[in-house]
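Subject: Structure handover

Hello,

Here is the structure we talked about, with its sequence. My notes on what turned up in it follow below.

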Amino acid sequence: MTDVDHSSWHKVTVRIPFASEKHAVIAKQVIEVDKELQPQAVVRTIDVEGDELVATFTTLTVRLARLTLNAFLENVDLVIRTIHEFGEEAERGPQRNAL
Amino acid sequence: MPGKPRKRSPLKLPEKPYIALGLEGSANKLGAGVVKHSPDGSTTVLSNVRHTYITPPGEGFLPRDTAQHHRQWAMSVIKDSLQKAGISLHEIDCICYTKGPGMGAPLTSVALVARTLSLLYHKPLVGVNHCVGHIEMGRQITGAQNPVVLYVSGGNTQVIAYSQQCYRIFGETLDIAVGNCLDRFARVINLPNDPSPGYNIEQEAKKGKRLLPLPYTTKGMDVSLSGILTSTEAYTLDKRFRPDCLAAEGEDVITPQDLCFSLQETVFAMLVEITERAMAHIGSKEVLIVGGVGCNERLQEMMGVMAGERGGQVFATDERFCIDNGIMIAQAGLLSYRMGFQTPITKSTCTQRFRTDEVRVAWRA
């Protein structure tokens, strides 16, 4: 991609704390697989800092910032609920002899 | 092909039981199912749980709301399927999910859950083609050996036959799927979407009395359905149309039931024709009908008449397996997995267009 002047674009940063760094890394690995639908108008970075998931969205328009952030939060919410539902059992390991 | 010796299947008997979880969400049905392949070669459905996003009458389902429905129900559907199967995720060998084809946002919602579970429990992911899932489940449930497959649903209409590790598409719709055609007409006449618009059209069609002329559009081995839909909708603007079915005896009227009946008879006859062409081409005597529209008993009946005339038979499953479900994804996924196929998480995307013949059917000779 050629160098685009992002100085007039809109930038949103979101920090989401997790129970542990391990869970934050899981969230990062799960969400970053899907590319942004409009890469020429939305630039996304996802990192883990400590036990926080940090995402920044640099977008061409305010509307895109709203849409992208909304979709991202919906996805993070789904991942968090999945970890909440299954995380403890996953951590405990197999409890009884397998079938 | 008749007369040729059966080739040895590359799929060996498993040395231990294999268990897979399958997650499906390409349209408005969210499904989770657990399947087991035992060392004696048998396949057992341990659980098959589904929740459908049903819209009010007259409305279809849109990607955004469907994805929201899947996100909302994913946890309870998956937990329910594990509980009914009596296993925990630690005991499964792989997590299978629908890679495509289908609607983008709903597919991705389910993939997110699959990826998370894969990382939490350290289980491999297997991306599955939705169409191949239908075919493999149909084969497993009915025991059909090498049928011509008619795959008919809201999103797909294809005539498929297996040859040399590929499910080859012999004929298909040139525009919309037959289920889409039926569902959209159901919306025009305001039929409820509960349990599904197609089921309600089938019931209404049984009360139809007139067969109205509609364009019959087979195009060689393919069909075209959007023109028929437009023509059927045009009848609802005809001055003889009576939406409330009130008419004097002997009056020349068209009721919604007549239109349902005429639409079904026409499109099903077209599907039977293109299936017959494929059967004649290959010399096959078996027809397997899969996909949501395969539940329709009139279609099964018409196909049965054609197959009977050719000395063959029709195989079909009931609504547990016809309609989109998680167990078919588990089945096709586990067959792939046993042949060494896996999807690394970085490649576990979803795609709206995924042709049936893009899959290498490694588990068949």
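About 2400 Å² is buried between chain B and chain A, and carbon and sulfur atoms account for 65% of that area. Please keep in mind that this is a predicted model. Chain B puts 29 residues into the contact and chain A puts in 23. Three salt bridges are found across the interface of chain B and chain A, and the count over all chains is 24.

The interface

One helix pair to look at here is α1 of chain A, residues 21-31, with α2 of chain B, residues 104-121. Their axes come within 9 Å and cross at roughly 140 degrees, and α1(A) and α2(B) are therefore oblique to each other. The crossing of α1(A) and α2(B) is right-handed. On the α1(A) side the contact is made by A:Ile26, A:Gln29, A:Val30 and A:Ile31, and on the α2(B) side by B:Leu112, B:Arg115, B:Thr116, B:Leu119 and B:Leu120. Sorted by class, the contact of α1(A) with α2(B) has six nonpolar residues, two polar and one charged.

B:Arg115, one of the α2(B) contact residues, also forms a salt bridge with A:Asp34, at 2.9 Å from N to O.

Within chain A

Helix α1(A) also packs against α2(A), at an angle of about 130 degrees and with the axes 10 Å apart. That makes α1(A) oblique to α2(A). This crossing of α1(A) and α2(A) is right-handed. From α1(A) the contact takes A:Lys22, A:His23, A:Ile26, A:Ala27, A:Val30 and A:Ile31; from α2(A) it takes A:Phe72, A:Asn75, A:Val76, A:Val79, A:Ile83 and A:Glu91. These divide into eight nonpolar, two polar and two charged residues. A:Ile26, A:Val30 and A:Ile31 are on the list for α2(A) and also on the list for α2(B).

A:Asp77 and A:Arg81 meet through their side chains in a salt bridge, 3.2 Å from N to O. A:Asp77 and A:Arg81 are separated by about one helical turn, because they lie four residues apart in helix α2 of chain A, residues 62-92.

Within chain B

Helix α3 (residues 130-142) and helix α10 (residues 326-338) of chain B pack with their axes 8 Å apart and at an angle of about 90 degrees. α3(B) and α10(B) are therefore roughly perpendicular to each other. The α3(B) residues in contact are B:His130, B:Val132, B:Gly133, B:His134, B:Glu136, B:Met137 and B:Gln140, and those of α10(B) are B:Ile327, B:Met328, B:Ile329, B:Gln331, B:Ala332 and B:Leu335. By class the contact of α3(B) with α10(B) comes to seven nonpolar, five polar and one charged.

Backbone points

Most residues other than glycine have a negative phi, and most peptide bonds are trans. Some exceptions in chain B are listed here.

- The peptide bond from B:Gly100 to B:Pro101 is cis, with omega near -10 degrees; B:Pro101 sits in the loop between β4 (94-100) and α2 of chain B.
- B:Asp194 and B:Pro195 are joined by a cis peptide bond with omega about -5 degrees; B:Pro195 is in the loop between α4 (178-188) and α5 (197-205) of chain B.
- B:His122 has a positive phi, near 55 degrees, and is placed in the loop between α2 and β5 (125-129) of chain B.

Regards

Conventions
Residues numbered from 1 in each chain as written. Chains lettered and ligands numbered in written order. Predicted model: local features only at pLDDT ≥ 70, side-chain atom pairs only at ≥ 80, totals over all residues. Heavy atoms only, no water. Axes fitted to C-alpha atoms, helices over the stretch in contact; angles between N-to-C directions. Helix = DSSP H or I, 4+ residues; strand = E, 2+ residues; numbered from the N terminus. Parallel < 35°, antiparallel > 145°, perpendicular 65-115°, else oblique. Left-handed = near helix turned anticlockwise from the far one by under 90°. Contact = heavy atoms within 4.5 Å. Nonpolar A, V, L, I, M, F, W, Y, C, P; charged D, E, K, R; others polar. Buried area = accessible area lost by both parts, 1.4 Å probe. Salt bridge = Lys/Arg side-chain N within 4 Å of Asp/Glu carboxyl O.
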